[in-house]
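Here are my notes on this model, as numbered points. Please read them with the structure open.

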Amino acid sequence: MIADHEFGGQHTELKLSIVEGYLKAFTTALRPHFKNLWYIDAFAGSGTRTVRTERQGATLIEKPVEEVIERRRGSAQIALDVRPEFDFVVFIEKNPNYVSALEDLRAKNLQRKIVVAEEDANSALKQLVANNSWDDKRAVVFLDPYGMEVGWTTLQALAATKAIDVWFLFPLAGLFRQATRKLTDIDEHKRAALTRMFGSESWEEELYPEVGDPDMFGMLPERRRNLNPAGLERYVRSRLSEIFGAVLKPLALPIDRGPQMFSLFLCISNPAPEAIGLATRIGDHLLNPKRHLIVRPATK
Ligand SMILES: C[S@@+](CC[C@H](N)C(=O)[O-])C[C@H]1O[C@@H](n2cnc3c(N)ncnc32)[C@H](O)[C@@H]1O
């Protein structure tokens, strides 16, 4: 079955090529040392994605361009194509149509060890972490949600394995929207989402300092968020660094235009200096924005 899964733009292409680069480097570097290399795609999608290039009318100097619809590889297919191969691959997805496309992908690769789980990413990841020993394996988990679905307790469980590198497409625009300027504008729904994302209510103190002194009637000063998107990104990185061995400077996406929608993080759970050193060498290279800057031809 072909499930039509249309999402993202150029930043999707870039995100997937960065993760693919890491997966190849990961299995190449660790294959001689580990018999158990796992890939876990927690928001796996359908294995393919549909890219639509819009029709453009003719201009005085250019011919019209017809609409093009292409089918490209999604993260699940990309992971299966990685060589040296992963020994075990887990796809977690909650949309039944995409799950059935992933089942087709599994059926085409019966020689591989692949599990497709139609489940919620947070509970499935926690179960997977709890039901396995991690001393003899190394894994990469890809967290590629649409929004703020990843809970803090899931990240804590992944970090505690000390064996998993986590690629996390963090929804910075989602955070910016939920964490409104004034603390008093945050309703119960937003408050619960932020607490689930950061694991406690400490974000209230940390993101909303008091501005000024109490007034003459003893009214407490207003509490406002002063951080801009770059500041919020630094805050998220510092929070993640509390639980992971290392968290690299993320890549802001999209790269070629504002506003920033996502921060692509690599979080390394193994605190051993050799593990951090290896992942940092590969990850910093892939996440360097200068590598991805698009040089456009100057227009006259
Ligand atoms: C941005 S897409 C992932 C795309 C995929 N990485 C790819 O490259 O093809 C996000 C996916 O997460 C799924 N999803 C959303 N919430 C989920 C949850 N709580 N648990 C599992 N999957 C979820 C959606 O159905 C969607 O397929």
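**Notes on the predicted model**

1. At 16% relative accessibility, N109 counts as buried, since the cut-off for buried is under 20%. This is a predicted model, so please read every value here as computed from it. N109 is in the loop between α3 (96-107) and β5 (114-118). Leaving out residues up to four places away in sequence, N109 touches L80 and I114.

2. Next, the packing of α5 on α9. Helix α5 spans residues 152-160 and helix α9 spans residues 229-243. Their axes are 9 Å apart and meet at an angle of about 45°. The two helices are therefore oblique to each other. From α5, the contact uses W152, L155, Q156 and A159. From α9, it uses R239, L240 and I243. Five of the contact residues are nonpolar, one is polar and one is charged.

3. What sits over the ring of W152? The charged end of R239 does, 4.8 Å from the ring centre. Both residues also belong to the contact of α5 with α9. A second case is R225, which lies over the face of F176 at 4.5 Å from the ring centre.

4. Now the buried side of α5. W152, T154, L155, A157, L158 and A159 are buried. Which elements do the buried residues of α5 pack against? They pack against α4 (121-130), β6, β7, α7 (188-198) and α9.

5. Check the backbone just after α5. There K162 takes a positive phi of about 55°. K162 is not a glycine, and it lies in the loop between α5 and β7. Most residues other than glycine have a negative phi. With a relative accessible area of 45%, K162 is partly exposed.

6. Two cis peptide bonds deserve a look. Most peptide bonds are trans. The bond from R83 to P84 is cis, with omega near -10°. P84 lies in the loop between α2 (75-81) and β4 (88-93). The bond from L253 to P254 is also cis, with omega near -5°. P254 is in the loop between β9 (251-253) and β10.

7. Aromatic pairs: how many are there? The count comes to ten. Take Y22 and F26. Their ring centres are 6.2 Å apart and their planes are at 35°, so the pair is tilted. The range for tilted runs between the stacked limit of 30 degrees and the edge-to-face limit of 60. Both residues lie in helix α1 (residues 10-30), four residues apart, about one turn of the helix. An α-helix has 3.6 residues a turn, so residues three or four places apart point the same way. Y22 and F26 are both buried.

8. F170 and F265 make an edge-to-face pair. The distance is 6.3 Å centre to centre, with 90° between the planes. F170 is in strand β7 (residues 164-170) and F265 in strand β10 (residues 262-268), so the pair ties together parts that are 95 residues apart in sequence. F170 is buried at 3% relative accessibility. F265 is buried too, with a relative accessible area of 0%.

9. Is V140 buried or exposed? V140 is buried, with a relative accessible area of 0%. V140 sits in strand β6 (residues 137-143). The buried residues of α5 pack against several elements, and β6 is one of them.

10. A distance for reference: the C-alpha atoms of V140 and G74 are separated by 16 Å. These two residues are 66 residues apart along the chain.

Conventions
Residues numbered from 1 in each chain as written. Predicted model: local features only at pLDDT ≥ 70, side-chain atom pairs only at ≥ 80, totals over all residues. Heavy atoms only, no water. Axes fitted to C-alpha atoms, helices over the stretch in contact; angles between N-to-C directions. Parallel < 35°, antiparallel > 145°, perpendicular 65-115°, else oblique. Contact = heavy atoms within 4.5 Å. Nonpolar A, V, L, I, M, F, W, Y, C, P; charged D, E, K, R; others polar. Phe/Tyr/Trp six-rings, centres within 6.5 Å; stacked < 30°, edge-to-face > 60°. Buried < 20%, exposed > 50% of the residue type's maximum accessible area, 1.4 Å probe, protein only. Lys NZ or Arg CZ within 6 Å of the ring centre and 35° of its normal.
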